[in-house]
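Hello,

Here is the structure you asked to see. My notes follow below it.

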Amino acid sequence: MVISVGSGKGGTGKTTLAVNLAHLASIEDEIFFLDCDAEDPDSHFYLKPEWESETDVETPIPRIDKERCDYCGKCSEICPRNALAVLRDDVLVFPELCYGCGGCALSCPMRCVTFESKKIGSVKQGRSGSIRFYQGLLEVGEPSPVRVIKNVKENIQENSRVIIDCPPGTGCALVESVRGSDYCLLVTEPSPFRKHDLELAHQVCVKLEIPHGVVTNRSNGHDEIIDDFCSASSLEILGRIPFSREVAQRISRGELLVDDEHLKRHTEHIFRTVQRRCSFN
Amino acid sequence: MKVAISVQGNDLSSPVDPRFGRAQGFLIVDTETDDFEYVPNPNVSAASGAGIAAAQMIANKGVSAVITGQIGPNAFGVLDASGIRVYTGAAGSAAEALEAYKAGKLSATGSATTTPQLGVGPGWYGPGRGGFGPGRCCRGGPPGPRRGGGPW
Ligand code: SF4
Ligand code: SF4
């Protein structure tokens, strides 16, 4: 059972919700926690895993043997990312655009394209109680975290209980992260911007056919903008996290909300509702 | 001598397109006769690497100079490697830009004048990130070992 926590945009409280749900879920049994926000992972501040291992994430980048190349341009024609420029007597490779599909090597009549690997990130693995923690980390300057996210997700074992902290946005990184989830929680806030982002994230889930619901963070009793949107789009609101000083203070100190008697009930309520929606047992 | 001008139309009265990689098209002009050929830019809405692809296309047209508004580092890298001079800051009609070029009023840039619009915009890479130069492969080095089983 895989639950992902996403939002259309950063800073809505994805991580806050994900780590607190993970903590509640881990009370019952072992759980996998995947921090797929590889550009800026921060779940470890809250779950404080003890790191056990780290593996590199590599991507192949083409290398042209210019002794044999006749500059026919076939490789550049087929490249879906325009990562190769064939000139009269040179082939330029733009590694940051290449996503390693291998098309150039297949299309080269002279067979002069080989690949070398380049490190673009890493996956760190650790433990925090009964939480098996995995974190994707993209190297500075690398443009796309998709391959790192793929590698993080390879750690999911069959029939395991998984919570995924997704990257912000609604692009490829989010798609890769939520793909295959049984349920996706979309965290939002009562503001026009967040509503707009929520709308986009909702469309992604619809396209990927992933059941999803909404959690309103920084709820201040005037959540109509989100409530109206959700009822118009037949989206369920699973719960709310209040806009309060205590919440902000705990988060800024790297503490869990569920460790506070008073704040605990909001996340517990959300957790129980999700459990019911997707038999997360 | 031939020069390429990025344009928003298909003749010399068309306005200069300030973008290079995502220009609507290019006029390849013979500076002696002012004869020109219009080449539409197939990369206007390329998912990624529009500048690289446009620069490659222009380089293969055998021009000696490019006249445009702005140029990014990837496209500049390709043009530079082909020995093509890049004149930026052109405005007005293509004919005016051509006159300015001939009168020596445009100056050649030695580097990119804008950051790479890497890839496909927000969501993928986000706008305005980067600062990547062109990567050169196997400069004089031996070919890499062929790895078994393919790269992926
Ligand atoms: S397809 Fe092969 S031979 Fe042709 S330009 Fe590319 S690398 Fe060179
Ligand atoms: S591996 Fe694919 S993306 Fe990379 S240069 Fe070759 S064709 Fe382009």
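Contact here means heavy atoms within 4.5 Å. By that rule, and leaving out residues up to four places away in sequence, A:Ser4 touches A:Ile164, A:Cys166, A:Val178, A:Ser181, A:Tyr183, A:Cys184 and A:Leu185. A:Ser4 is buried, at a relative accessible area of 0% (buried is under 20%, exposed over 50%, partly exposed in between; 1.4 Å probe, protein chains only).

Two notes on the basis. This is a predicted model, where local features need pLDDT of at least 70, side-chain atom pairs count only at pLDDT 80 or more, and totals for chains, interfaces and linings use all residues. Residues are numbered from 1 along each chain as its sequence is written, chains are lettered from A and ligands numbered from 1 in the order in which they are written, and side-chain values use heavy atoms, without hydrogens and water.

Now chain B. B:Pro18 is partly exposed, at 43% relative accessibility. B:Pro18 and B:Gln70 are 52 residues apart in sequence, yet 5.9 Å apart in space, C-alpha to C-alpha.

Next, the aromatic rings. Five aromatic pairs turn up over all chains (rings of Phe, Tyr and Trp, the last by its six-membered ring, with centres within 6.5 Å; planes under 30 degrees apart are stacked, over 60 edge-to-face, the rest tilted). B:Phe20 and B:Phe26 have centres 5.3 Å apart and planes at 55 degrees, so this pair is tilted. B:Phe20 is buried at 3%, and B:Phe26 is buried at 1%. B:Tyr87 and B:Tyr101 have centres 5.0 Å apart and planes at 75 degrees, so they are edge-to-face.

Best wishes
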